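Hello,

Here is the structure I promised to pass on. Have a look at it first, and my notes on the aromatic side chains follow below.

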Amino acid sequence: MLTDTKKYVVAALFAFLIPTSATAESSSSENAVPERLGFVEWLVLEGTGLRMKARLDTGAKTSSLHAVNVEPFMKGDEEWVSFQLPLADHQDEDDADGKDLEEVILEFSLPVERTVKIKRKGAPSQRRFVVVMDFCIAGTSHKTEFSLTDRGKFSYPALLGRRFMRDDNILIDSADAFIAKQDCEYKNLADVAEEHAG
């Protein structure tokens with residue numbers, strides 16, 4: 001017959017050796033094999049069907065999205081921001097099908113999650129609005145924070161940073177691009193333009 005002290009030791013040892021379901025779940029998610037993506041992949045903005053090239057950049061913490069005419073406004077007690085994404089900025093893609101995209105602009109209005117101060121080499125610091133957006137990459141839906149800035153002079157309209165990689169368990173292969181094993185559904189630029197033409 002076990003004494004009270006021995007019962008306690010056995011119970012403690014049993015609890016230590018057999019993890020609770022919560023511990024097992026967190027352990028399995030921590031040990032999950034990360035998804036391997038290239039340093040450039042296709043991203044599709046959900047709700048628009050617009051596909052764009054995204055650079056996956058471990059040097060950036062927050063993701064960034066090309067946006068112009070970024071304007072804050074109040075909606076009740078909340079700060080929101082409106083911004084535009086001109087399709088003409090995507091004419092380097094091969095699926096415009098001869099469409100004139102100059103006048104076609106996607107309009108967005110979203111709550112402001114926060115603002116960030118970005119230090120820029122050789123230029124003044126810049127404050128940017130950050131919004132949460134849904135998108136698809138490698139056949140899977142994701143949600144992350146994007147800072148809004150004019151990326152018209154950059155090769156990639158979207159940049160995905162470390163916060164996305166950490167939260168969604170992504171491993172980047174810096175030597176390769178477009179290695180996602182699955183695709184996201186998207187519309188070609190001609191169809192997007194047709195839907196959003198004024």
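A residue counts as buried under 20% relative accessible area, as exposed over 50%, and as partly exposed in between. Please keep in mind that this is a predicted model.

With that scale, Phe 178 is partly exposed because its relative accessible area is 39%. Trp 42 falls into the partly exposed class too, at 24%.

These two residues belong together: of the five aromatic pairs in the structure, one is formed by Trp 42 and Phe 178, a tilted arrangement with 5.5 Å centre to centre and 35° between the planes. The pair links distant parts of the chain, 136 residues apart. Trp 42 belongs to strand 2 (residues 40–45), while Phe 178 is in the loop between strand 12 (170–173) and helix 4 (189–196).

Phe 73 and Trp 80 make another tilted pair, with 6.3 Å between centres and 45° between the planes.

Finally, have a look at Phe 135, Phe 146 and Phe 164, which ring pairs join into a cluster.

Note on methods: Residues are numbered from 1 along each chain as its sequence is written. This is a predicted model: local features need pLDDT of at least 70, side-chain atom pairs count only at pLDDT 80 or more; totals for chains, interfaces and linings use all residues. Side-chain values use heavy atoms; hydrogens and water are left out. Rings of Phe, Tyr and Trp (its six-membered ring) pair if their centres lie within 6.5 Å; planes under 30 degrees apart count as stacked, over 60 as edge-to-face and the rest as tilted. Helices (H or I, at least four residues) and strands (E, at least two) are DSSP runs, numbered from the N terminus. Buried means under 20% relative accessible area, exposed over 50%, partly exposed in between (1.4 Å probe, protein chains only).
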